[in-house]
Amino acid sequence: MRIFDPHIHMTSRTTDDYEAMYAAGVRAVVEPSFWLGQPRTDPASFYDYFDALLGWEPFRAAQYGIAHHCTLALNPKEANDPRCRPVLDALPRYLAKDCVVAVGEIGYDSMTPAEDTAVAAQLQLAAAHGLPALVHTPHRDKLAGLHRTLDVVRESSLPVERVLLDHLNETTVEHAKDSGCWLGFSVYPDTKMDEDRMVTILKTYGTEKILVNSAADWGKSDPLKTRKVADAMLAAGFGEDDVDQVLWRNPAAFYGLSGRLRLDVPKPEGLHEGNSVLRGGE
Amino acid sequence: MTHPLPWTRAEVEALLPDDAARAWLAEALADAACVPTAPPTAPAPYAADTWELRFAAAGRHCGHDNADAVRTLLLTEAQAGPETLTRLYRHGSAAERRAVLWALPTLVDGPHALHLVEDALRSNDTRLVAAAVGPYTAVHLDPHAWRHAVLKCLFTGVTLDAVASLARRAAGDGELARMLTDYAAERTAAGREVPDDLGRVLTLTGEEPKEL
């Protein structure tokens, strides 16, 4: 079984996670830039973070046989801090990089005017750079947030077929599907979706244009949720081809819209015996 | 120019997969060649389609296997000085940084780009470490930092074949010999293998190996 986790924050995860993910079948991940739990107060903090997503994290992932790409953006939460807003001006030079396969995560947090501006500007950036966009739906006031998100998407020059709406659930899936966007679901231990509810959604809405992710990060989360959904699908009577569509072909097709997806990770060379390449002598 | 070019234009063109890539390269090189004669009067770092954006996108247009060659050639064509090289390095992905490091011996005569080498040697990305121990480093890096670079290669599994002028710089370096001997002792005490390359460079120092 091959698995592509289309939304996971590996910066917050350990090498044990990479090892377990590989063993579970994960061969590709996309890491969207987001906030780090601790607010940043300077654009330079973002640039160091972007550099990590463009260099260090793919290097780490490759050592465990996993292809790593990223999506870059000013996230909605920090878009509200005027100190961070210059990041928007610097984004174009980062969006030109090989490993960037979408603009994201963008979307709404508290639905403020500053968030309106950031979402609209970054949808335009996606259109201008030939990239799709990963748009998350807010945790609070989700349905209203989805409506507002879809309005901004429709006003932008980015076609809905190049937009992935994420963190969807039972209350938002219908509207999201009607919009023509790709549909993303995050499966979590306590919040968001769980495996069985995910299977019910797949039974109701089919397997087309649906992506499942672990969205694992620095909070309570599980980087193996993608595999657990695959197992739950098989147990519920879905075939292996359905599983492959949802957990590999759909994310590969969506991020493939960038023309930059490279899933052929060279086998890691020289994991130095008895010594950690990762730690490098420190 | 202190060293011959790593890749000539003809060599790079021969690597490219098709006419579209060759046409892209021709435009990019023309774009880059304009830079020294017509420097921008005002900074416009985010303008689309400058040669610096092409520098980032080289792999997508010319094939990822050819990206190093194309990027290095672009830097040469633009006659990128330390200021430009520093900006491209700071703004670059790991692959772009590697191209900057490889272009240093061709483009920078003095030690004023050493900060880029030092930055790469602080990283733990073996692609950068390997690119940071080339001919420019062999000429300019001070002995203390150079010894640590050699040791870091051994630590991180970067082959010492990547270290330019290894024999010349190691010759007669008693301090390097001591560091290598101590490292070997540490590995042995932990029951771990001593990297093969360690013995090779120890021999190159010409110092008498102490008890390993």
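Mentor: In this predicted model, a residue counts as buried when its relative accessible area is under 20%.

Trainee: What share of the residues of chain B count as buried?

Mentor: With the cut-off placed at under 20% relative accessible area, the share is taken over the 212 residues of chain B. Of these residues, the part that counts as buried is 48%.

Trainee: How many helices does chain B have, and how many strands?

Mentor: Read along its sequence, chain B follows the pattern α-α-α-α-α-α-α-α-α-α-α-α-α. The tally for chain B is accordingly given as 13 helices and zero strands.

Trainee: Turning to chain A, is the aromatic pair of A:Tyr47 and A:Tyr94 stacked or edge-to-face?

Mentor: Over all chains the count comes to 14 aromatic pairs. In the pair formed by A:Tyr47 and A:Tyr94, the ring centres lie 5.8 Å apart and the planes make an angle of 20°. Planes under 30 degrees apart count as stacked, so the pair of A:Tyr47 and A:Tyr94 is stacked.

Trainee: How many residues apart in sequence are the parts that this pair ties together?

Mentor: A:Tyr47 belongs to helix 2 (residues 43-62) of chain A, whereas A:Tyr94 belongs to helix 4 (residues 87-95) of that chain. The pair therefore ties together parts whose separation in sequence is 47 residues.

Trainee: Which residue's side chain makes a polar contact with the side chain of A:Asn75?

Mentor: A:Asn75 lies in the loop between strand 3 (67-72) and helix 3 (76-79) of chain A, and at 1% relative accessibility A:Asn75 counts as buried. Leaving aside residues up to four places away in sequence, A:Asn75 touches A:Phe34, A:Trp35, A:Arg40, A:Phe46 and A:Glu105. The polar contact, at 2.7 Å, joins the side chain of A:Asn75 to that of A:Glu78.

Trainee: Over the ring of which residue does the charged end of A:Arg27 sit?

Mentor: Elsewhere in chain A, A:Lys192 lies over the face of A:Tyr188, at 4.0 Å from the ring centre. The charged end of A:Arg27 is 3.6 Å from the centre of the ring over which it sits, and that ring belongs to A:Tyr22.

How values were computed. Residues numbered from 1 in each chain as written. Chains lettered and ligands numbered in written order. Predicted model: local features only at pLDDT ≥ 70, side-chain atom pairs only at ≥ 80, totals over all residues. Heavy atoms only, no water. Phe/Tyr/Trp six-rings, centres within 6.5 Å; stacked < 30°, edge-to-face > 60°. Helix = DSSP H or I, 4+ residues; strand = E, 2+ residues; numbered from the N terminus. Lys NZ or Arg CZ within 6 Å of the ring centre and 35° of its normal. Buried < 20%, exposed > 50% of the residue type's maximum accessible area, 1.4 Å probe, protein only. Polar contact = N/O pair within 3.5 Å; in protein donor to acceptor, adjacent residues only side chain to side chain. Contact = heavy atoms within 4.5 Å.
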